Amino acid sequence: MSQSHPRISKAVIPAAGLGTRFLPATKATPKEMLPVVDKPAIQYVVEEAVAAGLDDVLMVTGRNKRPLEDHFDRNYELESALEKKGDGERLAKVQESSDLATMHYVRQGDPKGLGHAVLCAAPHVGDEPFAVLLGDDLIDPRDPLLQRMIEVQQEHGGSVVALMEVAPEQIHLYGSAAVEATTDAGVVRLSGLVEKPSREEAPSHYAIIGRYVLDPAVFDVLSKTEPGRGGEIQLTDALQQLAADATLGGPVHGVVFQGRRYDTGDRGDYLRAIVRLACEREDLGPEFRTWLQRFVTEEMQQR
């Protein structure tokens, strides 16, 4: 019999990273503001949270991240100029980002890792479960992963992570989970987690991707978690403790994701994400696909 757990209404988006893989573009521009077609990557993430019913969004930022706040704020001068031109279409696009959700911001200060960034959200979140969305992972809105994770948390309590099966040679790029089957299709229970293990050390091929629904008990565990891999406080290490001892804050489950995911944290994957999303746009797709097919054909003939 399912249990009733507190409703989830808050989302936390860590956005304090330096974006060094995209230098020099990110020297003065936050990596989260890099455009994916015609919207910054971070807007896709906020839209996903809102679509899952989370309209209270806390962004954990750092230095030089002010453009994030500006993007989700009103720009009266621009709006006035567009209104005077009678450009209602672009005006609606500009206003869309400022009307998405109730936005809050807190600075991480020292870059001590994802676990520390999540811990910075404790005063805002309080004693209720919440979601964490990493800005490098864009989930296609046709595949409502976060909504499914919230449903699992509401049924079982505790925490829920998103999992994706990856090739053995890629597991060192992710956190890896040891899993046990459950009676729910696509849902597993986690018995252990390891941050970026070697291929030989990985407990499975299930990688943790950037979506979490967490019990507030994680804050107490994080406050006592010592720096781990890379000298940072790892969220994976805190979840390992929760998975090993359910009395700390309930069990840890995983939702196995098999949908469409766009990784914008890597330069190559970022470019592929733009191409894929542009191809699927009704306003851009037909013409862009025709050009892309011609371009690829010509490139192949020249090789």
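Tutor: Val-275, Ala-278, Cys-279 and Glu-280 in helix α10 meet Gly-285, Phe-288, Arg-289 and Leu-292 in helix α11, where contact means heavy atoms within 4.5 Å. By class, this contact of α10 with α11 has five nonpolar, one polar and two charged residues; Ala, Val, Leu, Ile, Met, Phe, Trp, Tyr, Cys and Pro count as nonpolar, Asp, Glu, Lys and Arg as charged, and the others, Gly among them, as polar. The model is predicted: local features need pLDDT of at least 70, side-chain atom pairs count only at pLDDT 80 or more, and totals for chains, interfaces and linings use all residues. Residues are numbered from 1 along each chain as its sequence is written, and side-chain values use heavy atoms, with hydrogens and water left out.

Helix α10 spans residues 267-280 and α11 residues 285-302 (helices are DSSP runs of H or I, at least four residues, and strands runs of E, at least two, numbered from the N terminus). Their axes lie 7 Å apart at an angle of about 125°; axes are lines fitted to C-alpha atoms over the stretch in contact, and angles run from 0 to 180 degrees between N-to-C directions. The two helices are therefore oblique to each other (under 35 degrees is roughly parallel, over 145 roughly antiparallel, 65 to 115 roughly perpendicular, the rest oblique).

As for the strand, five of the five residues of β12 (residues 252-256) are buried, so β12 is largely enclosed by the rest of the structure; buried means under 20% relative accessible area, exposed over 50%, partly exposed in between (1.4 Å probe, protein chains only).
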